[in-house]
Amino acid sequence: MEEFSRASSLVMFDELCVASGLDPQLMLDNAGLPADTLAHPDNLISFQRMALLLDDCARESGNPLFGLELGLRQGTAVFGQLLYLVKNANTAGESLAELARYYHLHSSSGVVKLEVHDKLAFLEYTPVLREGIPSRQAIEHGVAVGWQLLKMLLGRQWNPRALYLQTAAGASAHRYARLLRTAPHFNSDRNAWVFDAALLAAPLSDADPALHALMQAHIEKLDELAPKELPEFVSHLLRNLLPNGQVSLDYVADYMMLGTRTLQRMLTEEGTSFQALLNETRQAEAARYLKESDISLTQLAGLLGYADLATFSKAFQRWFGMSPRQWRQANGRPGSARKLARERRRPTWLR
């Protein structure tokens, strides 16, 4: 899961875009993120591209605090399943310690750390960004989410002593103070909220110990499975990229902001390869289209990224032991395309 984050990091992104006069789909496209990113919050996305997205939005909207405002709007919703674990711990300190321990399941391109010095608690957030990728929007987005998390855990007791940021100010100190109730110390050596360490012992009044134990078991299992998500992530990208014919290893690696060797190594570690995933994805998509649509075989070959029908037909024969036309006759359902079209026109609540 090198350099990835859950798409839940962009929950409510579309709302803020619209409020800022931006087209969310256009901004996602410009940043090189899949068009259906917002519809699948548990999917993985490139954290590097997410950082570029926030920077683009700040520039295009003329709002230098776009990332900060997005984080405040989202709050703890960004954490997805992880939220159910941290909100049901016994104390605020245990909650933050578990967040630090399992944060990599939400984003492998960032580190959360909790430390105590001289009766002060420091909740630190450090995103891992490549050289040349602007960091301020990503950092401010992270500390804004942290502000909302601490507010959720501590309620009226939440009263920050200080906020340290590694970057220069993007706007006046007054604007930051209005949003965060404190003026940050800029150009610092860390990104951290500082508060009274005694608050770490504050009990969480709404915690459910039974739910916490259940979620802990689930999260630990997820921790074991997390690296295995990469092949599905690549397959998801391929399904989106196939219709445009952009299915080379170089293109997909660049899309993920990884080197080709790095991507191949990561897939090899999970017992597969780029070519195997490409073949599996094409095979599954070919069967789906032949079953559910009346699309011509020539069109289908193009949608699957093949140069011509002959090359597609040869691959299909290898997969299924028969031609696409024979397979459609044996497995296709007459009228299925019309039925599918009618179903998609029906209101969601009637399906």
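Reader: Are F13 and F66 buried or exposed?
Author: This is a predicted model, in which local features need pLDDT of at least 70 and side-chain atom pairs count only at pLDDT 80 or more, whereas totals for chains, interfaces and linings use all residues. Residues are numbered from 1 along each chain as its sequence is written, and side-chain values use heavy atoms, with hydrogens and water left out. Buried means under 20% relative accessible area, exposed over 50%, and partly exposed in between (1.4 Å probe, protein chains only). By that criterion, F13 and F66 are both buried.

Reader: Which type of aromatic pair do F13 and F66 form?
Author: Rings of Phe, Tyr and Trp (its six-membered ring) pair if their centres lie within 6.5 Å; planes under 30 degrees apart count as stacked, over 60 as edge-to-face and the rest as tilted. The whole structure holds 12 aromatic pairs. For F13 and F66, the centres are 6.3 Å apart and the planes stand at 75°, and the pair is edge-to-face.

Reader: How many residues apart in sequence are the parts that this pair ties together?
Author: Helices (H or I, at least four residues) and strands (E, at least two) are DSSP runs, numbered from the N terminus. F13 belongs to helix α1 (residues 13-19) and F66 to helix α4 (residues 66-74), so the pair joins parts whose separation in residues is 53.

Reader: Why is the pair of F316 and W327 assigned its type, and what is that type?
Author: F316 lies in helix α15 (residues 309-320) and W327 in helix α16 (residues 324-331), 11 residues apart. Because the ring centres are 6.2 Å apart and the planes lie at 80°, the pair is edge-to-face.

Reader: What is the relative accessibility of W327?
Author: F316 is buried, at a relative accessible area of 0%. W327 also counts as buried, with a relative accessibility of 8%.

Reader: Which residue of β4 is the bridge partner of L114?
Author: Two strands pair if DSSP finds at least two bridges between them. The open sheet has four strands in the order β3-β4-β6-β5, with antiparallel pairing. β3 and β4 (residues 120-127) pair over eight bridges, and the β4 partner of L114 is L123.
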